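Here is a short report for a first look at this structure. Keep the sequence and the model side by side as you read.

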Amino acid sequence: MAISALTVGLAACSSASDEQNVPGGGAESTGEVALVQGIRSLSNSYHANWAEGGDLFGASIGQDVVVLSDEGDSQKQLSLVKGLAAKGQVFALNIDPNTSSDTEAIVRAVTEAGGYVVTQWNKPADLNPWDVSDNWVAHISFDGTGSGTEVSQALFDDMGGEGGIIAIQGILDNVPAKQRFAGLQAALEANPGIELLDDQTANWSRTEALAVTQTLLAKHGDKVKGVWAANDEMALGALEALKAAGLAGKIPVIGFDAVPQALEEIQSGENRYVATVSTDPWWQGAAGLSLAYQAASGAIDVSKLTHEQRAFYAQQTVVTTENVTDFLAAPSAEAIQVDIDDPFARIVSAIN
């Protein structure tokens, strides 16, 4: 079901976040499948790496990739998706819906436009691609409960198994946020010496997390012995608050997403950034877009895919000082070509 390997580097790919810069904008349709990534923001390191992965795929088939950035605004995200139909060009969309409740409207808009979409992370538990149409090619996610438990345990171990922590949550109507917090709760049950002092949402934002951490540090004072954050952007915001309070290196921090700055912190060890979790955003950008493209171009017949191929958990890795060097560099075009050719290669299990 994979398209044949193509020479990477045939063309440089470009990204755009302007609402008007939709596939075909300013040019006549060429008849080729337009390649589109839908992300929250290029200022977010995780999504920037996702976009880079999509560019690697685009280069492999000699096409540019348009990046639609919604800055966490669900209405804007849906508006951008609906705008893809403007030129009547078939498109392949790889998108991270802002919340689970946004997903159905997105996939139905793509279906009505005759496009093909792969969604990642967020969807209602009772809504599956095969319930909607073959235009919703697949949904990819990661088991946040399992990784959340494991990375939380790394934090607790660094704390010596006792003390109070504060938790900074992501967008609450968001599958990874819910699962990662469930993982934290599971780890807390297994570690009675650790107390959750408080938790608040910072909506995946580094800026909001800085403010939330400052508030919680002021509220709980010396009781805070660890900081748990549902992504690295928020963990890095928390670290800024710890630095301002003279507590960096004294209070350990964990996050998720394996963004470059977090990996550098783990490697240095200076500020006790203990662990993160890599879902490989370059893979998410490249393999997700490749799968949508293969469906749009007719290289695969979506109706013949199994349910596991259409809704699956993919591989992820907890990153600590022991393995951080394996994650510091972006993948080469050659390394990611295997996943471009076979976007199902990293399936762990079906999403039940």
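The sections below cover the basis of the model, its sheet and its salt bridges.

## Basis

This is a predicted model: local features need pLDDT of at least 70, side-chain atom pairs count only at pLDDT 80 or more, and totals for chains, interfaces and linings use all residues. Residues are numbered from 1 along each chain as its sequence is written, and side-chain values use heavy atoms, without hydrogens and water.

## The sheet

Seven strands form an open, mixed sheet in the order 2-1-3-4-5-11-13. Strands here are DSSP E runs of at least two residues, and helices are H or I runs of at least four, numbered from the N terminus. Two strands pair if DSSP finds at least two bridges between them. Strand 2 (65-69) and strand 13 (347-350) stand at the edges with a single partner each, so one side of each lacks a neighbour in the sheet.

Strand 4 (residues 116-120) and strand 5 (residues 136-141) run parallel, paired over four bridges. Val117 stands opposite Trp136 in strand 5.

## Salt bridges

The structure holds 10 salt bridges. Each needs a side-chain nitrogen of Lys or Arg within 4 Å of a carboxyl oxygen of Asp or Glu. One of them joins Arg108 to Glu104, with the closest N and O atoms 2.9 Å apart. Both residues lie in helix 3 (residues 100-113), four residues apart.

Arg180 bridges to Asp257 at 3.3 Å between the closest N and O atoms. This pair links distant parts of the chain, 77 residues apart. Arg180 is buried at 5% relative accessible area, and Asp257 is buried at 7%. Buried means under 20%, exposed over 50%, and partly exposed in between, using a 1.4 Å probe and protein chains only.
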